[in-house]
Structures are given as C-alpha cells and as structure tokens.
Amino acid sequence: MSMNIMFTSVGRRVELVRAFRRAYQALGLDGRIIGLDMDPLAPALQLVDRPYIVPRLDAPDYIPTLIGICRAERVNLIFPLIDPDIPLLARHKSALEATGARVVVVSEQAAEMAADKWRTVEFFQRLSIPTPRSWLPTDINPSAADYPLFIKPRGGSAAQHTYRVQNARELAFFVEYVPNPIIQEYLPGPEITNDVICDLDGEVMGVISRRRMEVRWGEVAKGVTLYDPEITHACVRIAHALSAIGPITIQCMMKDGVAHFTEINARWGGGAPLGIAAGADSPRWLLARAAGLAIEVPPLGAYQTGLFITRYDDAFYLTEAQREQMAGHRL
C-alpha cells in the first residue's frame with residue numbers, strides 16, 4: 001500500500017516533515033511526502049521527497065497548479081499548514097478531491113468562521129464556552145472601558161498587529177492602526193495551545209495541551225505540556241461542533257483559573273512537534289487511519305506532561321546552482 005501526502009506552504013515545518021518520515025517507517029508504509037512553497041529557500045523543501053514551487057495562493061493559477069500536482073503525484077491526503085490556505089482549500093475541495101486526493105480541512109463555512117476572530121467569539125458563546133468579553137470598535141465607549149484591553153485584527157495570523165491597550169488615547173490610535181480590529185478584555189494568561197487531532201471521520205483521537213512560555217515570529221519557542229480535563233472536554237466539544245477532520249489548534253488564555261477560549265486555527269500549530277514528542281503521534285495516527293491500518297490510540301490525556309520544548313536555529317546551505325535547481329521544481 002502507498003500513501004502520498006502533500007503539504008501546502010510547507011515553509012519552516014522541518015520537524016513535522018521529519019515526524020511524518022518516522023511515521024512511515026514505524027508503520028512500514030510506502031509513500032511520498034510532497035511539499036509546496038512559493039519560496040525556493042523554504043527550509044522544509046530540502047526534506048520532502050518531491051518539492052514544488054507554486055504561485056502565490058492568491059494567484060489565479062494556484063488551485064489549477066495544485067490540481068495538476070495532485071494528479072501527477074497521485075496525492076492521497078492534502079494538509080494545509082498556514083491559515084490563508086484553509087478557506088481556499090475548503091472552497092475548492094470538490095475540484096481537488098476530483099483528483100482522488102482527500103483534502104484534510106474543515107468545511108468552507110467552518111473555515112470562514114475560524115478565519116474571523118469576531119465570528120469565532122460568537123461561535124464560542126453559542127456553545128456556552130468561556131471567551132473574553134469582546135467588542136467591535138463601534139460598540140465600545142473608550143471613556144468608560146476597563147483597561148487594559150487587547151486589540152487584534154479580525155482576520156489576523158501569527159500574532160501580527162496584536163497590542164495591549166492601556167488607555168483611551170491608545171485605543172483611539174490602535175483602532176485606526178490595526179486592520180479591521182476586534183477589541184477584547186486583556187487576559188493575564190498563561191496562554192494554552194491545544195492540538196486537537198481528529199481522524200478523517202471526525203473522531204477526536206487526541207487533545208494535547210501545552211503552555212506557551214516564549215513565542216518567536218508567532219510560533220512557540222519554549223513551552224511545556226500539561227493536562228487539564230476541563231480544557232480537554234471543551235476542545236472535544238469545539239471539534240465536534242465544527243465537524244472537524246484532521247488536526248486543528250485551539251487557543252485559550254487563563255484568567256482566575258478559568259480557560260477563556262480565543263482562537264481556532266484549523267491546521268497543525270507550529271508547536272505540534274512537542275505534542276508528538278510527548279506521545280501523541282498524530283502523523284502515525286492519521287497515516288494509519290487513512291491507509292486502513294489497525295492502530296491503538298491512547299485514551300485522552302494519556303501523554304507525557306511536564307515535557308518541555310526549547311527550540312534553536314538550524315540551517316541548510318545551498319549554492320546558487322542548488323537554489324536555482326530548487327526554483328526549477330515546478331509543475
């Protein structure tokens with residue numbers, strides 16, 4: 001049996017590619033890892049079996065290129081790895097799956113909700129799941145607000161344009177500066193990231209919680225695994241309400257001992273390798289389920305807690321000829 005997987009925008013996901021490599025070996029499963037990126041210097045392209053340079057995802061030939069690669073490589077599973085890819089792949093799911101591939105994303109409706117922080121808050125409220133008090137700029141009275149507040153874009157990603165707001169003067173500035181903002185009560189934290197792994201039928205196979213200790217470029221640089229049954233239960237409810245398949249990442253912030261849920265990213269989070277190292281081997285689980293192989297998945301919460309991650313820089317070195325060769329890997 002062969003199982004070919006494709007990562008769109010594979011970027012810096014070196015650890016995730018390596019985890020899939022180990023999963024293939026552990027299962028004795030044949031298959032290729034296909035990685036796409038628009039940048040020939042994307043580090044993870046150096047590790048995949050078939051690298052492809054593709055157009056920007058907002059280019060008109062992006063989806064047709066993906067369809068062509070799926071056919072050429074006989075792709076079985078497609079995983080998005082960045083937020084902008086998710087609603088796009090969900091919108092074109094039928095065309096992509098006509099090639100025989102399975103697009104591992106939530107529905108188009110769920111993808112659009114998760115991409116909008118305001119609609120995500122409304123989603124949590126409908127589920128009666130704690131979420132920070134939130135306002136749109138037209139709904140808040142700056143002179144009567146309780147500071148500090150927190151402001152971020154409704155459609156933001158990677159913690160860009162996110163700011164703590166100390167007073168009415170700063171609020172007036174950031175409402176104009178941050179694109180299409182949402183304003184929320186400031187939560188002291190810590191911030192908990194939850195890797196929720198669903199199989200291709202929507203069964204929740206695992207929820208791995210990890211506390212962010214240090215973040216760089218929007219991704220965790222240092223963190224530690226933990227287990228909180230109330231957070232796990234809430235994550236399972238959220239995944240079921242979304243009819244999620246594959247990996248999703250759910251963020252929450254602690255306040256007075258209560259987890260307040262803030263965001264959903266319908267993909268693997270950048271810190272997912274910590275959960276894999278803690279025993280939640282999601283690449284192996286998903287490959288096995290997709291291939292129809294028997295696999296024993298441990299009960300929820302049965303992973304190593306108190307396991308830390310501390311990341312460091314590593315590098316590949318390319319000559320100009322090697323860079324040009326990578327840039328030539330096109331359909």
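Strands, labelled E, are DSSP runs of at least two residues, numbered from the N terminus. With that label in hand, welcome to a few close-up views of this predicted model.

**View 1. Two cavities of 30 Å³ or more are counted in this model.** The next views visit each in turn.

**View 2. Strand E11 gives the most to the lining of the largest cavity.** This strand covers residues 204-216 and supplies four residues of the lining. Look for Met205, Gly206, Val207 and Ile208, which are among the lining residues.

**View 3. Other residues also line the largest cavity.** Among them are Ala280 and Trp285, along with the run Pro298, Pro299, Leu300, Gly301, Ala302 and Tyr303. What classes of residue make up this lining? Ten are nonpolar and two are polar, with no charged residue.

**View 4. Helix H9 provides the largest share of the lining of the second largest cavity.** Three residues of the lining come from H9, a helix that spans 272-277. Strand E10 (191-198) likewise supplies at least two residues. To find your way around, pick out Asp195, Ile197, Trp268, Ala272, Gly275, Ile276 and Ser282, which are among the residues lining this cavity.

**View 5. The lining of the second largest cavity includes one charged residue.** The rest of this lining divides into six nonpolar and two polar residues.

Conventions:
Residues are numbered from 1 along each chain as its sequence is written. This is a predicted model: local features need pLDDT of at least 70, side-chain atom pairs count only at pLDDT 80 or more; totals for chains, interfaces and linings use all residues. Side-chain values use heavy atoms; hydrogens and water are left out. On a 1 Å grid over the protein atoms alone, a cavity is a set of points where a 1.4 Å probe fits but cannot get out, and a pocket is an open set with protein on both sides within 12 Å along at least five of seven lines; lining residues have an atom within 4 Å of a point. Grid points are joined across faces, edges and corners, and a volume is the space filled by probe spheres set on the points. Ala, Val, Leu, Ile, Met, Phe, Trp, Tyr, Cys and Pro count as nonpolar, Asp, Glu, Lys and Arg as charged, and the others, Gly among them, as polar.
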